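Hello,

Here is the structure for you to look through. Please open it first, then read my notes below.

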Amino acid sequence: MEFERQKKEKNPVLAVCYDFDRTLTPDDMQAQGFIQSVGADVKEFWDESNALAKKSNMDNNLAYMYLMVKRARGKFFVTEKELNDYGAKIKLYRGAEGWFSRLNAYGRERGVILEHYIISSGLREMIEGTSIAGEFKKIYASAFLFDDEGVPVWPAQTINYTNKTQFLFRIEKGCLDINDHAGVNEYFEADKLRVPLRNFVYLGDSETDIPCMKLVSSAGGHAVGVYDPQGKKAKVYDLMKNNRIRYFAPADYTEGSELDQLLKAVIDKTASYEALEEKHIKNLSETRSFGK
């Protein structure tokens with residue numbers, strides 16, 4: 001099977017990867033209308049989902065997906081369109097809608113291409129219903145398999161905190177299709193990688209993001225912990241103390257915010273570093289060809 005693979009760009013690419021719940025939105029996406037519509041209390045729903053996962057030795061994401069369909073039975077059909085519609089009701093953090101175009105423009109001014117990706121345990125169908133869905137080059141999230149009538153019959157994809165890291169490698173190599181198993185495992189020389197991990201930003205809010213944060217940080221990239229501007233910092237303090245992140249900031253995406261300034265500084269650093277790296281590779285090539 002042939003897969004379309006992204007080619008290395010002339011200018012450096014900065015991949016900005018986001019968790020979704022409590023990173024771009026203040027609450028779990030299911031708790032912003034769906035859970036209430038099936039007549040459940042939010043805490044009760046998550047308690048039941050976690051209990052089901054524990055009792056059945058089941059992945060937590062598969063448990064909540066099953067429970068969503070079960071709880072809706074007799075009330076309404078959980079179709080792809082319904083989930084998109086619930087996604088449209090999701091509240092985003094302040095400034096999120098203008099964030100992407102503003103950062104992209106800043107990157108262009110400095111010769112850096114920005115690409116935005118979602119890597120989330122939430123539902124792709126709901127994320128695709130949000131006003132910012134079109135800003136992402138790829139949305140990696142849990143998803144349903146739907147029958148011809150648009151009704152979910154099986155999980156198509158489930159993403160948990162440990163398998164999130166595979167998507168960083170997919171982006172790194174330009175092998176974005178989740179079925180391109182050969183590509184994501186293929187060996188690439190460092191200078192052939194489309195987006196080296198040093199040119200990654202990963203934004204997340206909690207321990208479920210730790211594997212991605214650790215991987216990005218260890219490779220010289222930028223792991224950022226975000227927290228609700230009206231909430232507590234305990235989680236990001238723990239992430240910082242345990243060397244999971246390099247920075248933290250309120251989840252305020254408005255122009256001039258702490259997070260906005262941080263990302264612009266990362267773009268500046270990427271432009272400078274990649275110019276030096278290009279010079280290094282050129283000098284190395286010249287050295288190797290000397291005397292031939």
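At roughly what angle do the axes of helix H2 and helix H3 cross? The model is predicted, so local features need pLDDT of at least 70, side-chain atom pairs count only at pLDDT 80 or more, and totals for chains, interfaces and linings use all residues. Residues are numbered from 1 along each chain as its sequence is written, and side-chain values use heavy atoms, with hydrogens and water left out.

H2 and H3

H2 covers residues 42–56 and H3 covers residues 60–72. Their axes come within 8 Å and cross at roughly 125 degrees. Helices are DSSP runs of H or I with at least four residues, numbered from the N terminus. Axes are lines fitted to C-alpha atoms over the stretch in contact, and angles run from 0 to 180 degrees between N-to-C directions. H2 and H3 are therefore oblique to each other (under 35 degrees is roughly parallel, over 145 roughly antiparallel, 65 to 115 roughly perpendicular, the rest oblique). Their crossing is right-handed (the near helix is turned clockwise from the far one by less than a right angle).

Contact means heavy atoms within 4.5 Å. On the H2 side, the residues include Phe 45, Trp 46 and Leu 52. They meet residues of H3, among them Tyr 64, Leu 67 and Arg 71.

H5 and H11

The axes of H5 (residues 96–109) and H11 (residues 258–289) come within 10 Å. They cross at roughly 30 degrees. That makes H5 roughly parallel to H11. This crossing is right-handed. H5 contributes Trp 99 and Tyr 106, among others. H11 contributes residues including Leu 263 and Ile 267.

Best wishes

Key
Helices (H or I, at least four residues) and strands (E, at least two) are DSSP runs, numbered from the N terminus.
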